Amino acid sequence: ARGREVYSYALELLNTRERAILSVQGDGESTEGILEIQTSTIPGQHYLPALMEEFHQMYPKVRFYVEQSDSRMVNENLMNQRGELGFTGCRGNSGLCYEAVFHDGMVLITPNEKEFDDLPDGAEIPVERFIHKPFVMREDGSGTKAEMEKALVDGVPVFKNVDVIARMSNMVAIEQVVSRGLGVSIVSESVVRCGNFGGKIRYFKIRGLKKERTFYLVFNKNVSLSPAAEAFLRLVRDRKRLHEPAEGEPAG
């Protein structure tokens, strides 16, 4: 604990020094250093890369260190000052600041089996047609798993006691297992929007499921951010404002 306090104090001094140098130089392009980011699976694969590309064009001297885990671990790592910024699919510790940055639906993925031939990809499917099947689930720290267990279909938490054939931490591995017929799974819609399943996986919206997932930018409110982290935070907020509907316009 004492070592953690010393580390926190040293980090505060270093970030204060970097901000002072930057204010004297007055040149954003002089911002440099390593920006350490913690991220859960969906933001890490489908949201963060484009931000990194844009940020690199603005601040070419900054280097990235990105660690991908699950939502719970992202929160824990940031509380332990392992990383300055994070992206997570669930809120956690009260010592962290969470800002919603994007929303995503939840869909069912299944093997390409004949019993679903009457439905096109993306069609609504009633729970009764798949709830009896074995499920491939994310691990306990996953935001997708937590949101799935809370999800209601016509007011009923139907996914809480499903038959789980496997728990896996890797989204690509889940897709492979589903494609081989071991079970079905519920994933963020981003996975199917960006996936190339080669005809081995089907995906459907779940009739009666209205839930959307929220993904957050998160940082430790008790730690001063480095100039690189502050610049990245500004970029995320600017991108979010650009994609928000104007007042009076419908969302989505």
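Student: In what sense do β4 and β10 pair, and over how many bridges?
Tutor: They're antiparallel, and nine bridges join β4 to β10. Keep in mind that this is a predicted model.

Student: Which residue of β10 does E99 stand opposite?
Tutor: That would be L217.

Student: And is β10 mostly covered or open?
Tutor: Mostly covered: of its nine residues, seven are buried.

Student: What about β3, how does that strand join β10?
Tutor: Antiparallel again, with four bridges between β3 and β10. G86 has V218 of β10 as its bridge partner.

Student: And in what sense do β1 and β3 pair?
Tutor: Parallel, over three bridges. Look at G86 in β3 again: Q38 stands opposite that residue.

Student: OK, the core. How many residues does the largest nonpolar core have?
Tutor: It has 36. The residues with the most contacts inside that core are L35, F55, L85, F87, F232 and V236.

Student: Which elements supply at least two residues each?
Tutor: The list is β1 (33-39), α3 (48-58), β3 (85-88), β4, α6 (171-179), α7 (189-194), β10 and α8 (227-243). The top contributor is α8, which gives seven residues.

Student: Let me zoom in on F55. Beyond its neighbours within four places in sequence, what is F55 in contact with?
Tutor: L35, V62, F64, A228, A231, F232 and L235.

Student: Switching to helices. Which residues of α5 are buried?
Tutor: In α5, residues 143-150, the buried ones are G143, T144, K145, E147 and M148. Their cover includes α4 (71-79), β4 (96-111), β6 (135-138), β7 (164-168), β8 (185-188) and β10 (212-220).

Student: What caps the N-terminal end of α5?
Tutor: S142 does, with a side-chain oxygen 3.1 Å from the backbone nitrogen of T144.

Student: Now charges. How many salt bridges does the count come to?
Tutor: The count is 14. One of them pairs E99 with R237, where the closest N and O atoms are 2.5 Å apart.

Student: Why does that pair tie together separate parts?
Tutor: Because E99 sits in strand β4 and R237 in helix α8, and the parts it joins are 138 residues apart in sequence. R237 is partly exposed, at 31% relative accessibility.

Student: What does D104 pair with?
Tutor: With R193, through a salt bridge at 3.4 Å, N to O. D104 belongs to strand β4 and R193 to helix α7, so this pair links parts 89 residues apart in sequence.

Student: Buried or exposed, those two? Start with D104, then R193.
Tutor: D104 is buried, with 2% relative accessible area, while R193 counts as exposed at 54%.

Student: And D121, which residue does it form a salt bridge with?
Tutor: R202, with the closest N and O atoms 2.5 Å apart. D121 is in the loop between β4 and β5 (124-125), R202 is in strand β9 (residues 201-206), and the two are 81 residues apart. D121 is partly exposed at 37% relative accessibility, and R202 is buried at 9%.

Student: Which residues are linked in a network of salt bridges?
Tutor: E113, E115 and K133.

Student: Last topic, confidence. What's the average pLDDT, and where is confidence lowest and highest?
Tutor: The average is 85, and 85% of the residues score at least 70. Helix α1 (residues 2-25) has the lowest confidence, with a mean of 46, and β3 the highest, at 97.

Student: Which stretches fall below 50?
Tutor: Residues 15-26 have pLDDT below 50, and this stretch has 16 contacts in the model beyond near neighbours in sequence. Residues 245-252 also stay under 50, with two contacts beyond four places in sequence.

Methods: Residues are numbered from 1 along each chain as its sequence is written. This is a predicted model: local features need pLDDT of at least 70, side-chain atom pairs count only at pLDDT 80 or more; totals for chains, interfaces and linings use all residues. Side-chain values use heavy atoms; hydrogens and water are left out. Buried means under 20% relative accessible area, exposed over 50%, partly exposed in between (1.4 Å probe, protein chains only). Contact means heavy atoms within 4.5 Å. A polar contact is a pair of N or O atoms within 3.5 Å; within protein, one must be able to donate a hydrogen and the other to accept it, and residues adjacent in sequence count only if both atoms are side-chain atoms. A nonpolar core is a set of buried Ala, Val, Leu, Ile, Met, Phe, Trp, Tyr and Cys residues joined through side-chain atoms within 4.5 Å. Two strands pair if DSSP finds at least two bridges between them. pLDDT is the predictor's confidence in each residue, from 0 to 100. A salt bridge is a side-chain nitrogen of Lys or Arg within 4 Å of a carboxyl oxygen of Asp or Glu.
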